[in-house]
Amino acid sequence: NKETQPAIDKALAAVVKPAFWAMLTTVAGLGSFGFSGVYPLFQLGLLGAFGVAVAWFTSMTIAPLLLRMLWSSEKKDISAGRFSFTVTSDSRKLLGHPWLIGGSAVIVIATLAGLSKAEVDTDYSKFFGGGTRISHSYDLLKDAKLGQNPIVLHIKYPQGKEYTDASYFSATLAFEREVKALPEIIKVLSVTDLIAEIDKAFSGKTGTQGRLETYSHAALSQIFFLGELSGNDDITDLSLESRNELQIIALTPYFSSQELRVFRNKITELQRKYLPDDVELNITGTTVLWANMDIQVSKTQIYSLLFIGLFLTVLLPLIFRSVILGGMGVIINVLPLAATVGLMSWLGIKINMATVILGAISIGVVVDDTIYMFSRIQDYRRLGLKWREATEKSLATVGTSVYRTSIILLFAFSCMATSDFLPTAHLGIFVSVSVVVALFFDLLLAPLLIIFFGELSEKWRGDTVRVSS
């Protein structure tokens, strides 16, 4: 269609650069997960970045081709739908009200104050809503006071030494007794308990831990031998045949990562107090391994935010060829994320395996609108318009697209809030919050700041020239 081609060409010429930079920042945000030691996050970052790059390529190539083939050339009056939000009227009137300025400042400062309370913690038993069958099963186990969470205490003795050596056996017995006394413990499965039961079965006497402490190495070896002859595999499940390694299984309620860290510290203190220095203790198990991932999650959060922050600090001034616009672009896109994480902290929502991606995704999403808005301002500035005129014309044109895309993103991410999987719901809710806050900054705060600092810089340069002359 010959009539539609000029419109397509003009549209492409206007958006190809800002679209490329928007794609690049989003790719950088997702690509920052490439630093993560958590493989699912690493995969998410690389595959997500690849998908965004492909989407940009198809938008710049296939989409124009489809428009040329399918778009009707019928002319329509779109002036009625034009975004009529200008700095001189609406935004200045709104921001001129002290209650709005004060209220907004209090909300932003309050949410930013919540950053000091932000912490990484994961409780997999609380990943589902209260009405789901999974959460109901967790509640049933808790009410029955059954061991839900097996934590393995792996003990390794020096080369050539055995668990049955009198000194090591006595120390291990004392350590085990103190572990059983911890308030978090529901039950302990250990070789010591099996030895007592074997002794009771063959001698006919009730063995106590106090009496077992007096057993010699030979007596303990004999009990082990009797247990092996009985055909019972339990003792070999908890210790090696060489008897220089064994494991104690501590059954506890489900712990969050922070609670498990406290429990591990208690076990470590008991190790220092009761076990000889040459005895090695490792705390392991599935939940321990999951909790260890929180350390990697925390590193992922820090590295990804540092990377995207430095990337935007360098890239935005280069894109806009203006330190003023670049600096404001960084602030406007970092503050919504900071406020969102602060709000999460006030609501008691921790950073975990799912919500850790909030930072990179929200910045990657909201920075696109800033790039389109600021790029259009720069285009009008090159035509000779003043800062105020360029900003107001950009709001009247690109402002429509920014508003509409933000609404689309808001509804898209809000759909995730219906998920019974709470990390997914939290991600959807708080990315939506970031989009709303970023929209406020892009359409209300940023224009006023651009005009203020732009006119201030022009005035300063003018005064400098006059003084110099």
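## Salt bridges and how they are counted

A salt bridge is taken here as a side-chain nitrogen of Lys or Arg within 4 Å of a carboxyl oxygen of Asp or Glu, and by this rule the count comes to five salt bridges. The model is a predicted one, in which local features need pLDDT of at least 70 and side-chain atom pairs count only at pLDDT 80 or more, while totals for chains, interfaces and linings use all residues. Residues are numbered from 1 along each chain as its sequence is written, and side-chain values use heavy atoms, with hydrogens and water left out.

## Two helices and the residues that follow them

Helices (DSSP runs of H or I, at least four residues) and strands (runs of E, at least two) are numbered from the N terminus. The expected span of a helix is 1.5 Å times one less than its number of residues. Just after α12, R321 takes a positive phi of about 55 degrees.

Helix α5, made of the 12 residues 133–144, should span 16 Å, which agrees with end C-alpha atoms that are 16 Å apart.

## Pairs within a helix

An α-helix has 3.6 residues a turn, so residues three or four places apart point the same way. In helix α6 (residues 166–180), K180 and E176 are four residues apart and thus separated by about one helical turn, and they form a salt bridge whose closest N and O atoms are 3.3 Å apart. E176 is buried (under 20% relative accessible area; exposed is over 50%, partly exposed in between, with a 1.4 Å probe and protein chains only), its own value being 2%, whereas K180 counts as partly exposed at 30%.

In helix α14 (residues 358–382), D379 and R382 lie three residues apart, about one turn of the helix, and their side chains meet in a salt bridge at 2.9 Å, N to O. D379 counts as partly exposed at 34% relative accessibility, while R382 counts as exposed at 53%. Elsewhere, salt bridges that share partners join E176, K180 and D193 into one network.

## A pair between separate parts

The side chains of K266 and E184 meet in a salt bridge of 2.5 Å, N to O. K266 lies in helix α11 (residues 257–274) and E184 in the loop between α6 and β2 (187–189), so this pair ties together parts that are 82 residues apart in sequence. K266 counts as partly exposed at 32% relative accessibility, and E184 counts as buried at 16%.
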